[in-house]
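Subject: Structure for your files

Hello,

Here is the structure I said I would pass on. My notes on what was found in it follow below.

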Amino acid sequence: SGRERAAIERLEGLVRDELNVKLVRFVAAADELGSHQVKANYRTLGPRFGRSMPQVAAAIGALDPRHAAATVRDGGRLAISIDGHDHELGAEDLLVTLAPLDGYGLERDGSHAVALDLGIDAVLLAERLAREIVHAVQAARKAAGLDVGDRITLGLDGDPELLAAAEAHRSYIVGETLAVALTIGPDAGGRTGDPVTIDGRPLSIAVSRA
């Protein structure tokens, strides 16, 4: 919140670039990024309740987890009834965790939380494959003894999905590899070394100084 959040928002573009994410969205509270789970802390409650711990654990499990988490986070206390008697519980008596939403990964530290959508659709997959193709071409450039600044002609052939990704991201591959010409498919020309494998898919790379 406050100045800290404003600083992160100001650097949103850097966050996207460094983490390879398409969209950064801010929420009002970390609680929006997952669902709370509240369990009894046997280490503090066991000596206090002894044989009644199964009832205590069940009573805590019946609490509204979001309300319970918010209450103890704000310094409040909760009450449970065991054998007709009310007992107060504090933050030290509960184990509170924030479970990620379906399809998300989640990391939390105090009031800070980051959730990452783990889904990969066809568009994102093609982008990732294009990045891997660039890495493979850079390795082929090095193996061919080319200098970093050398312009090249580039040919790619192999798995249809890799070639489709290369076609979809032709300008990116050309720019990253300093290619003045890019041929995709059977007319790609000779090969540089053995075919490489990207996600189990074969790719032949032809590289020559332009």
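Accessible areas here come from the Shrake-Rupley method with a 1.4 Å probe, and for residues only the protein chains shown count as cover. On that basis the protein chain has an accessible surface of about 13100 Å², with 52% of it belonging to carbon and sulfur atoms.

This is a predicted model, in which local features need pLDDT of at least 70, side-chain atom pairs count only at pLDDT 80 or more, and totals for chains, interfaces and linings use all residues. Residues are numbered from 1 along each chain as its sequence is written, and side-chain values use heavy atoms, with hydrogens and water left out.

Overall form. The radius of gyration (taken over C-alpha atoms) of the protein chain is 28 Å, whereas a compact globule of 210 residues would be near 17 Å, by the rule of 2.2 Å times the number of residues to the power 0.38. The C-alpha trace spans about 85 × 40 × 25 Å along its principal axes. The chain has 8 helices and 10 strands; these are DSSP runs (helices H or I, at least four residues; strands E, at least two), numbered from the N terminus.

Burial and cores. Of the 210 residues, 32% are buried, meaning under 20% relative accessible area, with exposed being over 50% and partly exposed in between (1.4 Å probe, protein chains only). A nonpolar core is a set of buried Ala, Val, Leu, Ile, Met, Phe, Trp, Tyr and Cys residues joined through side-chain atoms within 4.5 Å. The largest one has 23 residues, and Ile133, Leu154, Leu156, Leu203 and Ile205 have the most contacts inside it. Two or more residues each come from α6 (122–143), β7 (152–158), α7 (160–168), β8 (179–184) and β10. The largest share, 8 residues, is from α6. Another core, of 15 residues, lies apart from it and includes Ala40, Ala59, Ile60 and Ile82.

Leaving aside neighbours within four places in sequence, Leu154 is in contact (heavy atoms within 4.5 Å) with residues including Val137, Ile173, Ala181 and Val207. Among contacts between residues at least 6 apart in sequence, 61% join residues at least 24 apart.

Backbone. Most residues other than glycine have a negative phi. Asp83, in the loop between β2 (78–82) and β3 (85–89), has a positive phi of about 55° and is exposed, at 55% relative accessible area. Asp199, in the loop between β9 (196–198) and β10 (201–209), also has a positive phi, near 55°; Asp199 is partly exposed, at 45%.

Regards
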